[in-house]
Amino acid sequence: MDRLAALTHGVAALYSRLVAAVEAALEPWLLGLLARLIFAAVLFGYYWNAALTKIEPGLLGWLQVRDAAYWQMLPPVVEAYGYDVSAVPTLPWGLIVGLGTYAEFLLPVLIVAGLATRVAAAGMIAFVLVQSYVDIAFHGVDDATVGALFDRHPGSAIMDQRTLWVFLLAYLVVKGAGLVSLDALLRRRIGEARDATPARA
């Protein structure tokens, strides 16, 4: 019995050391990089194309937000102003639409590059939540599209898919972009500059 206990203890200790070694080798760089690559593969194009529908075409089109942006983001506000987007006040509604449109371009780029990743991922979480609310409350999506959690059907566009999107982004908020990122490069440069600065007496 003592031999069995010693063997079990030895196997458990070996397993713990192995797991700790794998985690120490991979955790600082792999998971943050994978999270950003998955975001790039699954969501970057989705949000970039959605943002393109909100600006005018052409080289300088990004300077002008289309009426469609108001309809996509603030349908009840447009309705309240008689369906005339030109009557919607710039403050606060025009500002909200403008910031939302340009955030839809900027935040995904920051996440993929790994720059200001925690802030960008937190902003994307807020964006996904607001987007989901607008889809449910104002765009009239059906129950199958909304879905439900814990219902044995993992295919709904909002409750199932967007919950996974938020989890992916929440990982980046909590753990950051990892060592293979512009955030890590900036931290190293700032640390090197600080170390090179002579201490004042």
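Leaving aside its neighbours within four places in sequence, which residues is Met-124 in contact with? I looked this up and found Tyr-47, Leu-107, Pro-108, Ile-111 and Leu-169, where contact means heavy atoms within 4.5 Å.

Before going further I noted the conditions. The model is predicted, so that local features need pLDDT of at least 70 and side-chain atom pairs count only at pLDDT 80 or more, while totals for chains, interfaces and linings use all residues. Residues are numbered from 1 along each chain as its sequence is written, and side-chain values use heavy atoms, with hydrogens and water left out.

For burial I used relative accessible area: buried is under 20%, exposed is over 50%, and partly exposed is in between, with a 1.4 Å probe and protein chains only. This core has 17 residues, of which Phe-39, Tyr-47, Ile-111, Met-124 and Leu-169 touch the most other members. The elements giving two or more residues to this core are α2 (30–52), α5 (90–113), α6 (117–137) and α8 (161–175), and the largest share, six residues, comes from α6. I also noted a second, separate core of nine residues, which includes Tyr-70, Val-77, Val-78 and Val-85. The helices are DSSP runs of H or I with at least four residues, numbered from the N terminus (strands would be runs of E with at least two).

**Entry: helix α8**

I checked the length of α8 and found 15 residues reaching 22 Å from the first C-alpha to the last, close to the 21 Å expected at 1.5 Å a residue; the expected span is 1.5 Å times one less than the number of residues. Its buried residues are Arg-162, Trp-165, Leu-168, Leu-169 and Leu-172. Seen down the axis of α8, these buried residues fall within an arc of 120 degrees, so they line one face of the helix; the arc is that of the directions from the helix axis to the C-beta atoms. On the other side of α8, I found Leu-164, Phe-167 and Val-174 exposed. What covers the buried residues includes α2, α5 and α6.

I then looked at Val-173, also in α8, which counts as partly exposed at 27% relative accessibility. Leaving aside neighbours within four places in sequence, Val-173 is in contact with Arg-118, Ala-121, Ala-122 and Ile-125. Val-173 and Ala-122 are 51 residues apart in sequence, yet their C-alpha atoms are 6.1 Å apart in space.

**Entry: helix α5**

For α5, the 24 residues should span 34 Å at 1.5 Å a residue, and the end C-alpha atoms are 32 Å apart, which agrees. The buried residues of α5, among them Gly-94, Thr-101, Glu-104 and Phe-105, pack against α2, α3 (67–73), α6 and α8. Pro-92 is found in α5, and the peptide bond from Leu-91 to Pro-92 is cis, with omega near 5 degrees. After α5 comes Gly-114, whose phi is positive, near 75 degrees.

**Entry: a buried loop residue**

Is Ser-181 buried or exposed? I found Ser-181 buried, with a relative accessible area of 10%, in the loop between α8 and α9 (182–196). Not counting residues up to four places away in sequence, Ser-181 touches Arg-36, Ala-113 and Gly-114.

**Entry: aromatic pairs**

A search of the whole structure gave eight aromatic pairs. Rings of Phe, Tyr and Trp (its six-membered ring) pair if their centres lie within 6.5 Å, and planes under 30 degrees apart count as stacked, over 60 as edge-to-face and the rest as tilted. Phe-44 and Trp-48 form a stacked pair, 5.6 Å centre to centre with 15 degrees between the planes; both lie in α2, four residues apart, about one turn of the helix. Ring pairs also link Tyr-46, Tyr-47, Phe-127 and Trp-165 into a cluster.

**Entry: positive phi outside glycine**

I noted Tyr-83, whose phi is near 65 degrees, in the loop between α4 (75–80) and α5; Tyr-83 is exposed, with a relative accessible area of 52%. Phe-150 has a positive phi of about 60 degrees, lies in the loop between α7 (143–146) and α8, and counts as exposed at 86% relative accessibility.

How values were computed: Core = buried A, V, L, I, M, F, W, Y, C linked by side-chain atoms within 4.5 Å.
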